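The following account is intended for a reader meeting this protein model for the first time. Please keep the sequence and the three-dimensional view at hand while reading.

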Amino acid sequence: MTRNEVTELVVTQKLAKQLSWTQLAEAIGLSKEWTTAALLGQMTLNAEQAASIGALLDLPPEAIAQLQVVPYKGSLPSAVPTDPLIYRFYELVNVYGTTFKALIHEEFGDGIMSAIDFSMDLQREADPKGDRVKIVMSGKFLPYKSY
């Protein structure tokens, strides 16, 4: 089985068993954000986590093994996303990317925000004008070094 086939199987089984990403995350004791990324092929599960997910989703042994392989990261099929929701994030970076950069450099200095030492929290925020999506991202600041 390829990793893409495992991802498709995970999504199919999740739907068939009427499980949420949150329920799957609770089964392995990690955040819904990280677990969803892992099950969509962007992170690596350890043996215990993969076995737990495999049991919940009735995955074959080869799929459980693939969940433990370090993936090729980057899940978008094109440079400019065509999915409307994902495109809005692309648009957000196009519009506010230089603002993020300027403000991070002013606050922290010359460096980057890590996507490795990183966490994210996504929540629904009630609003009388229509519910909002609240995303909090936290990444370690990594300064550039002189040598």
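The paragraphs below go from the overall architecture to individual helices, a loop and the aromatic pairs.

The model is a predicted one. Its secondary structure comes to 6 helices and 2 strands, and from the N terminus on these elements run α-α-α-α-α-α-β-β. Along the principal axes, the C-alpha trace spans about 50 × 50 × 30 Å. Of the 147 residues in the protein, 23% are buried. Among contacts between residues at least 6 apart in sequence, 51% join residues that are at least 24 apart.

The description of the parts begins with helix H1, which covers residues 3-16. The buried residues in H1 are Arg3, Val6, Thr7, Val10, Gln13 and Lys14. Because these residues cover an arc of only 135 degrees around the axis, they lie on the same side of H1. An α-helix has 3.6 residues a turn, so residues three or four places apart point the same way. The face of H1 turned away from the buried side carries the exposed residues Asn4, Glu8, Leu15 and Ala16. As for the partners of the buried residues of H1, they pack against helix H2 (21-28), helix H3 (32-39), helix H4 (47-57) and helix H5 (61-66).

Gln13 is situated in helix H1, and its relative accessibility of 17% is the reason why Gln13 counts as buried, the cut-off being under 20%. Apart from neighbours within four places in sequence, Gln13 is in contact with Leu57, Asp58 and Leu59. Just after H1, Gln18 takes a positive phi of about 55 degrees.

Helix H4 can be read in a similar manner. Gln49, Ala50, Ile53, Gly54 and Leu57 are its buried residues. They cover an arc of only 130 degrees around the axis, and therefore sit on the same side of H4. On the other side of H4, Glu48 and Ala55 are exposed. The buried residues of H4 pack against H1, H2, H3 and H5. Both ends of the helix have a local feature to note. At the start of H4, a side-chain oxygen of Asn46 reaches to within 3.1 Å of the backbone nitrogen of Glu48. Just after H4, Asp58 takes a positive phi of about 55 degrees.

Which residues does Thr44 touch, leaving aside its neighbours within four places in sequence? Thr44 belongs to the loop between H3 and H4, and with 25% relative accessibility it counts as partly exposed. Its contacts are with Trp34, Gln49, Leu67, Gln68, Val69, Val70 and Pro71. Of these, Val70 is 26 residues from Thr44 along the chain, yet the C-alpha atoms of the two are separated by 5.4 Å.

An unreviewed UniProt entry places the feature "domain: Cyanate lyase C-terminal" at residues 75-147. Over residues 75-147 the chain is 34% helix and 37% strand, with end C-alpha atoms 34 Å apart.

The count of aromatic pairs comes to 2. The rings of Tyr87 and Tyr90 have their centres 5.6 Å apart and their planes at 45 degrees, so this pair is tilted. Tyr87 and Tyr90 are 3 residues apart in helix H6 (residues 84-108), and are therefore separated by about one helical turn. Tyr87, at 30% relative accessibility, counts as partly exposed, and Tyr90 is partly exposed with a relative accessible area of 30%. In the pair of Phe108 and Phe141, the ring centres are 5.0 Å apart and the planes stand at 20 degrees, so the pair is stacked. This pair links distant parts of the chain, since Phe108 is in helix H6 and Phe141 is in strand E2 (residues 132-143), 33 residues apart. Phe108 counts as exposed at 51% relative accessibility, whereas Phe141 is buried, with a relative accessible area of 19%.

Definitions and conventions
Residues numbered from 1 in each chain as written. Predicted model: local features only at pLDDT ≥ 70, side-chain atom pairs only at ≥ 80, totals over all residues. Heavy atoms only, no water. Helix = DSSP H or I, 4+ residues; strand = E, 2+ residues; numbered from the N terminus. Expected span 1.5 Å × (residues − 1). Buried < 20%, exposed > 50% of the residue type's maximum accessible area, 1.4 Å probe, protein only. Arc of directions from axis to C-beta. Contact = heavy atoms within 4.5 Å. UniProt positions renumbered as here; feature names shortened; annotations may be inferred. Polar contact = N/O pair within 3.5 Å; in protein donor to acceptor, adjacent residues only side chain to side chain. Phe/Tyr/Trp six-rings, centres within 6.5 Å; stacked < 30°, edge-to-face > 60°.
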